Amino acid sequence: MTRTPRIGTIRRSGGARRALPSLEDQRHNILRDFTGPNLGYLLQQFELFRDDPGAVAPADREFLASHREALEEFLRSRAPAAAPSTVGGPDPGLEARAVKALRLVRRRGHRAASFDPLQPAPEPLAPPDEDVAALPLMAVNPGLVIPVSGQGSVRESWERLSRTYAAAIGYEFDHLDGHTERAWLYEAVESGQYDAPLSDVERRILMHRLIEVEEFEHFLHTTFPGQKRFSIEGTDMLVPMLDESVRLAAAAGAGDVLVGMAHRGRLNVLAHVLGKPYEVIMEEFHAAPSHDLESSDVSLSNGWTGDVKYHLGLSRTVAQDGAPRPTVRVTLANNPSHLEFVNPVVEGMARASQDMVDRPGPPGWDPDQALAILVHGDAAFPGEGVTAETLNLSGLAAFTTGGTLHIIANNGIGFTTDPVEGRSTRYASDLAKGFDVPIVHVSADRPEDCIRMVRLAHAYRRRFHKDFLIDMVGYRRWGHNEGDDPAYTQPLMYARIAAHPTVRRQWADALMAAGQATAAEEEKKAADVQARIRQAYEAARNGDGGVAGPPAEPPVEPPASTGVPEPALRALHEDLFRVPQGFHLYPKLERVVRRWREAFDKPGAVDWALGEMLAFGTILADGTPVRVTGQDTERGTFSQRHGVWHDAENGETYRPLQHLPQARASFTLYNSPLSEAGVVGFEYGYSLERPESLVCWEAQFGDFANAAQVHIDQFLAAGHAKWRQDAGLVLLLPHAYEGQGAEHSSARLERFLALSAEDNWRVAYPTTAAQYFHLLRAQAVMNRQHPMPLIVMTPKSLLRHPRASSSLTDLTTGRFKPLLVKHRPEGPVKRLVFLSGKLSVDVLAALEEHPDAARTTMVVAVEQLYPTPTAELDDLFAEVREADVVWAQEEPENMGAWWFMRPHLARRASSGRVTYAGRPPRSSPAEGLPDVHVAEQARIAREALYENGEAPVISGSKGARHGR
């Protein structure tokens, strides 16, 4: 076929011919791709083809033969009017305008829909011109716009579509890439499949729920004036929508519903969706005597500080009669005031619930096992980048949760910022269009519409396992918090809100007008709710609410030994590097694999990557699932891991750790997108739900963790203290100064140490493959007892350095050593040098050049910086009493571990003095010039070995050197 437009060829609307559609989509594609005279010509050619295939051009013959079934069905469903009226119908220009008018209702009807309860109805869509409107509907391409049966005019069709798309609900489906999805949504909406009205019982239950929601807020507003609660009022329908979502998820067989939301409306959701007792909530209000002080009145020791009441989460098991599962667990995730940053955490929790990890190989996945629901703010959804990062995960194999229900609780303002100042888009939801998410806009004042859209969203997820977004447009009855006066900046809006009836009032009035409820019933329900809340308030005021800090927990000690018996390790090692028959290794990788195979037969040949693979393999053999993600993690940023082999001839992949016969649990290794906040949050959430797993996130370079700092600060570091929330996530952060400039040198060790307190995590900087092997194995064991995050400074150049390599016996015996003596002199120790990480290589190299220093200097690597190994330090200082103590580091003086380790060393040094050897204080972590870097490293090594860095001149000594 050619690109010539009309007579003599079959041409699709877009111009060029496209690839043939799937059989499932053939009919829809035919109707979509041909319009006006082109459709007429297609049908004319098909009639010729049916009579005599040789009567049409060869290219057209191939096309018509491929689509024969779809075209036959099209003609049967429209006969007798369709073909004749299209082929010999009206002027093509009128026909094209008719199609455009009908399409416009679907595509732009949301702009005329009235779903903002505070705004007047928008301008209605303009009806088609009279000459277009007079066309019989069958004169245009009928299946392209709506399913049509019988005759009718374009105007009648336009009016019918307008009542759907330009009335009370705004639908945005046209941006979806998949035609099958668009067609399904259009049919679902236009057929009225989800328009069935609520039954009388359901309508009364909904009224009762809205009474509970409103009366709860009224009680708090009048009883605790000035205290922050971030009222739900104006978006009250969020609670019934969540109720319906839980019911539908349970009916679909889900065992978990995981919800993430910011603070607005959180107390109401906790009380009514999660079933948090009123007594506990009242006690939390009593523990916050003013709006300036809202921390819980509990013990601030033993790693427990608590959090304000509108950040807290909860889990609840809900019975579901008639559902495939008798109960469903509903969880509201804890969240700080960073609003959308809980989103990837909830997604990770959902994926962990969906994964089946108790078998070897890759984990099984059941998306119907869990549903993630994310409640967004209208200002935060487009404003915080973590939203886009989380949406980007939705279609990726390692991170998808099979469809998330997004609800924007849209109150039309962010603190004091109007939408025109807070986003560059028409709607708060527009970001989701870029991720192929269907969007509906619904008024928070129309309860039945809200419930209908929840049902549509769940049906879409069940059909396509993709995300769906409901933009519930309401308002915020009070200010950003209850101590704020919003009329300072939005006087007109708040004048309208003050005069606007609540959704409870509107719904109750509607039921009464329909004879489905009475004023007496409403009053009685409200009185009962108030009495229940009042009773809870009195119990809390008398100290019966039950809020208390959790008991102290002793710190978990690492296992006494993490060595693996040699026979078991050798067998695993052999199976790990058995290349499948017919698999063609890339030649460079073949040399690496050969080296790894021979490592056990040579002393000091187990490099970092091999030690890691052996650790993962033995952990899998112990029955612990392993999950590792990060940027370029499959191969390793430095081509060190090679956890996925690619056949050099056909591109097929093989993951050795998924084929270990010894494994008793699943192994996951995936590259992640170029995202830190989204992926770190996801893996944190995954580790919360799967505490028995070893879950690792690896940064491409350690400083990339900067972009995940909110999750590190607010979740990893403080999650236990604030929420009693324990996660065993491991962060692998490449860190070392290699002369490559300021970027990618430092994983900002000092930041993690600044956050270290109350046994909240472990911070380690191992320097050998065996130390790393034992560290990972210990983490897997400790996660089963008391999960705790592990922060690891991992190497770059040391990945293959002989000084970082280990031998077989280092793996079969012992455990991770928090202090590792790198050099011990034969005689008395006069200088005791503490350091960490890669600098040990430079200092040991300097010792080889200075035998005088080697005879009197002990070098100790602090391999675990937190919790600080106090017992090991005590033992060491008991052995070395009078030596001068030095702390040496690559990092500038205001960075690294110097300030953290100094008091620990000074308390134990006999003189109380500790000397610093390192870079001076700087604003940038490292030099940008390689020659300056080399000079600085040499200077630091000399200063570590000699006072002021001055090496003495020793006559006749091969190692004699002058100082600086």
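Colleague: Leaving aside its neighbours within four places in sequence, which residues is His441 in contact with?
Modeller: His441 is in contact with Phe115, Ala168, Ile169, Gly170, Glu172, Tyr427, Ser429 and Asp471. Contact means heavy atoms within 4.5 Å. One caution: this is a predicted model, where local features need pLDDT of at least 70 and side-chain atom pairs count only at pLDDT 80 or more, while totals for chains, interfaces and linings use all residues. Residues are numbered from 1 along each chain as its sequence is written, and side-chain values use heavy atoms, with hydrogens and water left out.

Colleague: Where is His441 found?
Modeller: In strand S9, residues 439–443. Helices (H or I, at least four residues) and strands (E, at least two) are DSSP runs, numbered from the N terminus.

Colleague: Is His441 buried or exposed?
Modeller: Buried, because its relative accessible area is 0%. Buried means under 20% relative accessible area, exposed over 50%, and partly exposed in between (1.4 Å probe, protein chains only).

Colleague: Which side chain does the side chain of His441 make a polar contact with?
Modeller: That of Glu172, at 2.6 Å. A polar contact is a pair of N or O atoms within 3.5 Å; within protein, one must be able to donate a hydrogen and the other to accept it, and residues adjacent in sequence count only if both atoms are side-chain atoms.

Colleague: New topic. How many residues has the largest nonpolar core?
Modeller: 97 residues. Met282, Leu456 and Ile470 have the most contacts inside it. The largest share of this core, 9 residues, comes from helix H19 (residues 447–464). A nonpolar core is a set of buried Ala, Val, Leu, Ile, Met, Phe, Trp, Tyr and Cys residues joined through side-chain atoms within 4.5 Å.

Colleague: And what does Leu456 contact, leaving aside neighbours within four places in sequence?
Modeller: Tyr171, Phe173, Trp184, Leu185, Ala188, Val189, Tyr194 and Phe468. There is also a second, separate core of 77 residues, which includes Ala747, Leu749, Leu753 and Tyr765.

Colleague: On to charges. How many salt bridges does the count come to?
Modeller: 61. A salt bridge is a side-chain nitrogen of Lys or Arg within 4 Å of a carboxyl oxygen of Asp or Glu. Take Arg504 and Glu522, whose side chains meet at 2.8 Å, N to O. Arg504 lies in helix H21 (residues 503–513) and Glu522 in helix H22 (residues 519–541), so the pair ties together parts that are 18 residues apart in sequence.

Colleague: Are those two residues buried or exposed?
Modeller: Arg504 is buried, and Glu522 is too.

Colleague: What about Lys524, which residue does it form a salt bridge with?
Modeller: Asp528, with the closest N and O atoms 3.0 Å apart. They are about one helical turn apart, because 4 residues separate them in helix H22. Lys524 is exposed, at 54% relative accessible area. Asp528 is partly exposed, at 37%.

Colleague: What is phi of His642 near, then?
Modeller: Near 50°, a positive value in a residue other than glycine. His642 is buried, with a relative accessible area of 13%.

Colleague: Last one. How many helices and strands does the protein chain come to?
Modeller: 36 helices and 24 strands. Buried residues make up 59% of the 964 residues in the chain.
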